[in-house]
Amino acid sequence: MTTDIQALFHRPEQGVYLLNHSVGCLPGSASDAFQSHFLEPWKQQGSHAWGQWLENLTRFNAALASLLNGKSQQFCPQTNLSSALTKIVGSLPPASAGQHILISERDFPSMGFVIQTLCKRFGLKPRFIPHGADLTDLNRWDDMLSDDVWLAFITHVQSNDSLRLPVADITGLTKKKSIISVVDIAQSAGVVPIDLDAWQADFIIGSSVKWLCGGPGSGYLWASDEIIAECEPMDVGWFSHQNPMAFDIHHFDYAVDAGRFMGGTPSIMPFTVSAESIRTLDRIGTETIFQHNQKLINHIIAQINQGEIRSPMQENRRGGTLAISFKDNQKAMQAMNHAGIFCDQRSEGLRFSPHIYNTEEDADQLVEVINRLKI
Ligand SMILES: Cc1ncc(COP(=O)(O)O)c(C=O)c1O
């Protein structure tokens, strides 16, 4: 099975590719789709390509809906998580001055930049869950979700150590306390099974560049049915209109669904690629991908004779990345580069992320390099 699946992706020909937390490998079908669903219609039809181009956005939303158990009309293509978060917060009925946005010091820094900027603009205050707090502790969340919190930002899987948060339990708390929830699935979509229906969050934001193998530029937001009607995005355009072709400059009606977050003439290219990538991964199945990924991570953990594991040891508490800290991480990184192991270095050490197209031999090669390290 793995051999067939491997053939579906273009992997770098040399070395062992374990950087899937950064950029997932291009599926052959996505490369073909770019040619047939974007370039060919343009070549053959010029402006009349728009019909087919827009279908690519519909396919993108439908692919996400199937993968994440949502509805197509709840998704809206976005450039990246940062801009999606800015649009979401700017679209909501204003919070009372002095209210807080809750975020963790361990969240991806870009999310913190957005939240602090928005707080300044809207008279709100950021409140950080301290770095050392156990983000899986519901009592801690219960304490932090106090009366003066307006919105909580929750990262499903942390990018540095791959800690996985119990999102459904946390959004259960935010719901009970009428606090708006925004969940970041950048590091989980495509590798950890997600059921949006079960989560009951208000908003989800994500990208396709990592485990979804869809390249940069094809982010997305998801909004619950209940909250969409309350959202009035500031960043609008004719594609946010219920009827983009109405062309009456004096009359603007927000689209009834998440399409209200579209804005002006949409970008098509990145979504043409990622729609097909997401469909490919969905056909394989996230549960299958997760099992394979965890098997390889466990295999590596069991075989190495040095390095401190900084990711959780329990599968139900971690995402798809294995972070290992060595005595000298810089030297370890040099050894990885030398041996052709694709990985990177962050605060918790080196990050290794096996996807469905990685094999036990890949894991063994990594183990061999680690066990030979002289640091
Ligand atoms: C957890 C998490 N959130 C967000 C991002 C990226 O955000 P943006 O799409 O705005 O660049 C990353 C990128 O590594 C991430 O790991």
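This is a predicted model: local features need pLDDT of at least 70, side-chain atom pairs count only at pLDDT 80 or more; totals for chains, interfaces and linings use all residues.
Residues are numbered from 1 along each chain as its sequence is written, and side-chain values use heavy atoms, with hydrogens and water left out. Local features need pLDDT of at least 70, and side-chain atom pairs count only at pLDDT 80 or more, while totals for chains, interfaces and linings use all residues.

Start with the ligand. The residues around it (a heavy atom within 4 Å) are N80, L81, S82, F108, M111, T155, S159, D184, A186, Q187 and K210. Some of them make polar contacts (a pair of N or O atoms within 3.5 Å). A ligand nitrogen lies 2.6 Å from a side-chain N or O atom of D184. A ligand oxygen lies 3.1 Å from a side-chain N or O atom of Q187.

Helices here are DSSP runs (H or I, at least four residues), numbered from the N terminus. Two packed helices are described by the angle between their axes and the distance between the axes. Axes are lines fitted to C-alpha atoms over the stretch in contact, and angles run from 0 to 180 degrees between N-to-C directions.

Helix α4 (residues 81-91) and helix α5 (residues 109-122) have axes that come within 9 Å and cross at roughly 25°. That makes α4 roughly parallel to α5 (an angle under 35 degrees). The crossing is right-handed (the near helix is turned clockwise from the far one by less than a right angle). In contact (heavy atoms within 4.5 Å) are L81, S82, L85, T86, V89 and G90 of α4 and S110, M111, V114, I115, L118 and F122 of α5. Eight of these residues are nonpolar, four are polar and none is charged. Nonpolar means Ala, Val, Leu, Ile, Met, Phe, Trp, Tyr, Cys and Pro; charged means Asp, Glu, Lys and Arg; the others, Gly among them, are polar.

Next come α3 (residues 50-68) and α10 (residues 269-284). Their axes come within 8 Å and cross at roughly 30°, so α3 is roughly parallel to α10. This crossing is left-handed. Residues of α3 including F60 and L64 meet residues of α10 including F271 and I278. The contact has eight nonpolar, four polar and four charged residues.

Last, take α11 (residues 286-303) and α13 (residues 360-372). Their axes come within 9 Å, crossing at roughly 25°, and the two helices are therefore roughly parallel. The crossing is right-handed. K295 and H299 are among the α11 residues in the contact, and E360 and D364 are among those of α13. By class, the contact has five nonpolar, three polar and three charged residues.

How values were computed:
Angles under 35 degrees count as roughly parallel, over 145 as roughly antiparallel, 65 to 115 as roughly perpendicular and the rest as oblique. A polar contact is a pair of N or O atoms within 3.5 Å; within protein, one must be able to donate a hydrogen and the other to accept it, and residues adjacent in sequence count only if both atoms are side-chain atoms.
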